[in-house]
Amino acid sequence: MMMIRCRIQEPSGKPAPFGEKTKYKDGVLEKIFMGLFARKMEKFAKAAVPCSTGSRSSSSSSSSSDSKKADELIGLLDYDYESFVDVSKRVMQGRSRKQQQEVVREVLLSMLPPGAPEQFRKLFPPTKWAAEFNAALTVPFFHWLVGPSEVVEVEVNGEKQRSGVHIKKCRYLENSGCVGMCVNMCKIPTQDFFTNEFGLPLTMIPNFEDMSCEMVYGQVPPPFEEDPVSKQPCYANICTIANPNSSVCPKLQA
């Protein structure tokens, strides 16, 4: 199985304590995934100075085509995790909570071949096996996005199963430092995508005390209004766009 795995560079080999950013060493494959997602989101983001390696001239159409392909690959590698998060922040600007979530849905759909959701539903009907299989896939394939995680036993509808994923310290949350980005750009759209597009229920339970998160495949997520995250305040000392005077993150109210 191909693993999309970056390495933690902390002396302990574990995520850094709360309030500190974990140091990672990303490889080429990780950077390509960051670049692919960031480029898709750039279409919806507020203008910023783009990642660029400059233009290249060519004397023939063939060399021009080869040069363009090379530039595209180099452009993908120009993105790092910080620039990926920056694109996410710019997508948030000027959009309501639901509009942000819709952007993520469009990006996720654009990453898949036509008919992929329908095929997923056929391959993975909402069974215990499908939930456990997707939990197992999450650990190696999303390491680059959320950091180290492990499959854990959870209880779904009164039955114990290994369809939970414990994210030790979410890389996306610790780099953004933003409750709104966690909820609007990750938790809710990911839940909705698996539950409504793929037909496999998923509930994500972020812990804002230590930035860990629990993913529970097979568990239907609650309505936003009934979810504890809907009342979560900002990280006043971490988030650059926080409103310390608000009892709830403003990005969760819009």
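Angles under 35 degrees count as roughly parallel, over 145 as roughly antiparallel, 65 to 115 as roughly perpendicular, and the rest as oblique. Colleagues, the model shown is predicted: local features need pLDDT of at least 70 and side-chain atom pairs pLDDT 80 or more, while totals for chains, interfaces and linings use all residues. Residues are numbered from 1 along each chain as its sequence is written, and side-chain values use heavy atoms, without hydrogens and water.

I begin with two helices. Helices (H or I, at least four residues) and strands (E, at least two) are DSSP runs, numbered from the N terminus. The axes of H3 (residues 81–92) and H9 (residues 179–197) come within 11 Å and cross at roughly 85°; H3 and H9 are therefore roughly perpendicular to each other. Axes here are lines fitted to C-alpha atoms, for helices over the stretch in contact, with angles running from 0 to 180 degrees between N-to-C directions. In contact (heavy atoms within 4.5 Å), Val-85, Ser-88, Lys-89, Val-91 and Met-92 of H3 meet Gly-180, Met-181 and Met-185 of H9.

Next, the strands; two of them pair if DSSP finds at least two bridges between them. S3 (residues 149–156) and S4 (residues 159–167) run antiparallel, joined by seven bridges, and Val-154 has Gln-161 in S4 as its bridge partner. Two residues lie between the strands of this hairpin, where Asn-157 takes a positive phi near 55°. S4 also pairs with S6 (residues 212–217), in the antiparallel sense, over four bridges; there, Ile-167 is partnered by Cys-213 of S6.

Finally, which elements are among those covering the buried residues of H6? They include H5 (116–123), H7 (143–146), S3, S4, H9 and S6.
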